[in-house]
Amino acid sequence: MRNKLLLFYTLLLVLCFGGYAAYTQHALKNAQTFYLQMAPLDPLALLSGEYMQINYAFEQDVFGINAPVKQVTLYVDERGVAGRAKTDKPLVIPVHQVMARLPHQFYFKEGTAKKYDTAAYAQLKRLQDGRFLISALADKDLKLL
């Protein structure tokens with residue numbers, strides 16, 4: 001009886017993890033995808049170990065003012081790049097203190113840092129629950145690296 005119960009709970013746990021993995025893949029596949037221009041920084045200062053610290057160009061404009069900001073509205077153009085120029089596709093990004101609630105680190109495989117030297121844009125995905133994930137980096141022509 002004890003072995004059957006252990007087997008049942010093990011199978012239940014495997015199904016839960018499998019279901020969560022399938023849900024996550026489905027959410028990433030159906031998420032809104034857009035690009036944000038990264039702020040120009042020295043690549044040698046950006047890279048540390050196996051990740052890149054990312055700052056976004058719009059943050060320099062928005063957070064340079066003294067007034068508290070609770071959210072930032074960017075607009076997505078026909079290429080999928082989000083910026084300050086108004087279009088018919090608004091994108092609202094929540095703000096926490098003086099940083100946008102966006103991921104600011106991009107992790108990559110060790111030894112592949114040179115590949116990302118030409119990165120100019122971060123490709124982000126907005127999940128249904130409002131979180132953002134960096135899915136890739138792109139060069140100035142929006143070609144994924």
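Leaving aside neighbours within four places in sequence, which residues is arginine 126 in contact with? I looked, taking contact as heavy atoms within 4.5 Å, and found Ala31, Gln32, Phe34, Leu91, Val92, Arg131 and Phe132.

Some ground rules for myself. This is a predicted model, where local features need pLDDT of at least 70 and side-chain atom pairs count only at pLDDT 80 or more, while totals for chains, interfaces and linings use all residues. Residues are numbered from 1 along each chain as its sequence is written, and side-chain values use heavy atoms, with hydrogens and water left out.

Back to arginine 126. I find this residue in strand β9 (strands are DSSP runs of E, at least two residues, numbered from the N terminus). The C-alpha atoms of arginine 126 and alanine 31 are separated by 5.5 Å, though the two sit 95 residues apart along the chain. I also see the arginine 126 side chain reaching the backbone oxygen of valine 92 at 2.9 Å.

Next I checked lysine 125, also in strand β9, which spans residues 121-126. Lysine 125 is buried (under 20% relative accessible area, 1.4 Å probe, protein chains only). I found no salt bridge for lysine 125 (a side-chain nitrogen of Lys or Arg within 4 Å of a carboxyl oxygen of Asp or Glu). The nearest side chain of opposite charge, aspartate 129, is 13 Å away. Not counting residues up to four places away in sequence, lysine 125 touches several residues, including Leu28, Thr33 and Ser135.

Last, I zoomed out: buried residues make up 31% of the 145 residues in the protein chain.

Methods. Helix = DSSP H or I, 4+ residues; strand = E, 2+ residues; numbered from the N terminus. Buried < 20%, exposed > 50% of the residue type's maximum accessible area, 1.4 Å probe, protein only. Lys, Arg positive; Asp, Glu negative; His and termini not counted. Polar contact = N/O pair within 3.5 Å; in protein donor to acceptor, adjacent residues only side chain to side chain.
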